[in-house]
Amino acid sequence: MRFEAKLAWRHLVSGGGQTVLTVFAVAIAVTMIIFIQTLITGVQKRFVNDLVGPLPHITLKMPDPLPDTLGKTRTSGPGELLATDVQKQVQQRTDVEPWRQLETQLAQFPGVKTVASAVRGSAFLARGSKRFTLTISGGEPVRQDKITPIQKDLIAGRWLDIGPDELVIGARLADEAGIRLGDRVRLQSTQGVTQAFVVAGIFYSGNNAADLGQGFVTLRAAQSLFRTGQNVSSILIKLDDAFQADTIAEQMEKTLPYKIESWMKDSAFILNAIRSQNQSRDMICAFVLLASSFAIASVLIVSVIQKQKQIGILKSMGARDKQILLVFTLEGLGVAIAGAFVGCLWGFLLLKSLENIPQAARFGKVDKLFNIIYDPTIFGGAAIAAIIATLIAAILPARRAARLSPVEVIRG
Amino acid sequence: MDNPLVEVIGLKKTYNSGTDKAVEVLHGVDMTALGGQFIAIVGQSGSGKSTLLNILGALDTPTEGSVLIDGIDISSLDSDGLASVRGNKIGFVFQFHHLLDEFSCLENALMPVTIQKGAPSREDTAYAIKLLERVGLGTQLKKRANQMSGGQQQRNAIVRALTNRPRLVLADEPTGNLDARSGAEVFALMREIAAEMGVAFLMVTHDDRLARQADRILRIEDGFLHEDTPGR
């Protein structure tokens, strides 16, 4: 091995421009893979975060009551009637109880990060001739913020310490309805309760639907607005990993007699789009690797042709086929490792240069154009993929070198 | 009488064997060589000299007959077995030095040992330096092949053929690429080393003047081997 490694190393060093060219080919492939993977993963994460960020990953509600068939109630007595239609009963009660006990139970499931009870409902906000429909969420602000992060998006006022007569709304609603911080507004719930609130905070999340149609109040305020008494309408759960929602929801459903909803079921079409995007990304990366492998194989084949005489001489001195195979495979490995290292460095520098490019600000909030996340698995994966591809590319010329007949090459 | 170091019995070599383009180059060669003998192989171009040398050097295999090198019948060996015989029993000197440009004079000299052992031992290195000093390259140890003269390169190649302590050295026109003076020096050197080390030297040459100085002359004509008397 020491002979083979030494010879491979000397070949690479004496190869000069040829070695640099192959290292560059690998490095460019690694850089491209890191760039594409990071960019698309960043876009996806931002997209999923924008989509799922303000939502609970799992929501627990009261189960829908079982249908009570007409047929079942008419089976006894004379003059029976047959039921031809089975209708779902209109839900009578939506309050979840005992919610404090359920919160404790749910928090014990593995993967659960935060549990918060909430009262949610619809309400109208009237400003002049305009009426806006809002989804009002009422909960304890500090815990609510862990489910739907408002504090980080707050552009004016307060949120975490609001009182029972205070309301936090989105920037688009404030803009369209001409509401300013400290203004008094009236909300009328679908239960017919009208209540006045002072606008204590305004947030801008970038999600139009949320910025226009969501309002946040305390739990007590929502209980009063939606007439739930001391109860809540749902228990909201945030997980460590949003993509575990289906699995954990299933586990919860097995042990708890409630309706458990996962965000993934509601957003299946988006997940399919993400899967398609991932497949496209992986295919692009595979083609990049393939192209660089062909380039490397070509250069190594030329190198073997150039060194035919030397291979013959080494064989005349007792070098075995497998030793020659190893020499050229090690050359490929050397190129692959150097290329992977340089590619990771270039990839890092490229991402660094893109990291702080801003996009146009809205409501005074400046966001970055690219969501760059330095994921070691992307860097490591790109390096390993390039090393494997380069080694495969090196095997062909290495085998060709190993099979050379010393008589033929010495005779020339 | 000593056991022969090289024993060739009924050696035939046919290229493209089994096809209508089959060409028999050697038609049944018998020969022996003893340790310490310096043998010149002469003959016209295309007579089969290099083919014989390649088979004796375990670079090629015979179509028929047997070739014993230091008691090992190389005609029955596989590729690894042949490589092992080449690495341990045989040294080669070619018309062109074929030194590796990426390595120094000393590293080139140690190449056969490095191939066999992975890395040379201290004793191997000391032995190679001794041989390089013997051929007048003691001050050139760290020089690359392309930094030496033609004569120096060929002397380096001779030392390379000896560092694995072979029993047989095969030289294919070793002076053919050198000027007359360097050629004479290299030839004299090989002659001395053969006698000093008890190594059998088989040298293919076109130069009758050099051949006449060998212990034996083997002449190949149309695939048949005849022994000439040296000094005639």
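Predicted model: local features only at pLDDT ≥ 70, side-chain atom pairs only at ≥ 80, totals over all residues.
Let me start with A:L51, which sits in helix α2 of chain A, the helix that covers residues 17–52. A:L51 is partly exposed, because 14 other C-beta atoms lie within 10 Å of its own, and a residue would need 20 or more of them to count as buried. If we leave aside residues up to four places away in sequence, A:L51 touches A:S267 and A:I270. A:A297, on the other hand, is 246 residues from A:L51 in sequence, and the C-alpha atoms of the two are 45 Å apart in space.

Helix α11 of chain A, residues 268–306, packs with α2(A) at an angle of about 175 degrees, and the two axes are 9 Å apart. The two helices are therefore roughly antiparallel, since angles over 145 degrees are put in that class. The contact between α2(A) and α11(A) contains 19 nonpolar and seven polar residues, together with one charged residue.

Sorted by class, the residues in the contact of α13(A) with α14(A) are 22 nonpolar, six polar and five charged.

Stepping back to chain A as a whole, we have 15 helices and 12 strands. Of its 412 residues, 36% are buried. If we take the contacts in chain A with a separation of 6 or more, 80% of them are between residues 24 or more positions apart.

Let me now turn to chain B, which has eight helices and 10 strands. Its C-alpha trace spans about 50 × 40 × 40 Å along the principal axes. The radius of gyration of chain B is 17 Å, which agrees with the value near 17 Å that a compact globule of 232 residues would have. Buried residues account for 50% of the 232 residues in this chain, and, among contacts in chain B with a separation of 6 or more, 69% involve residues 24 or more positions apart.

Finally, how do the two chains meet? In the interface, 25 residues of chain B are in contact with 21 residues of chain A. On the side of chain B that touches chain A, α2 (79–89) and α4 (111–117) of chain B each supply at least two residues, and the largest share, seven residues, comes from α2(B). That side of chain B is made up of 10 nonpolar, 10 polar and five charged residues.

Note on methods. Residues numbered from 1 in each chain as written. Chains lettered and ligands numbered in written order. Contact = placed C-beta atoms within 7 Å. Helix = DSSP H or I, 4+ residues; strand = E, 2+ residues; numbered from the N terminus. Nonpolar A, V, L, I, M, F, W, Y, C, P; charged D, E, K, R; others polar. Rg over C-alpha atoms; globule rule 2.2 N^0.38 Å. Buried ≥ 20, exposed ≤ 12 C-beta atoms within 10 Å, placed from the backbone. Axes fitted to C-alpha atoms, helices over the stretch in contact; angles between N-to-C directions. Parallel < 35°, antiparallel > 145°, perpendicular 65-115°, else oblique.
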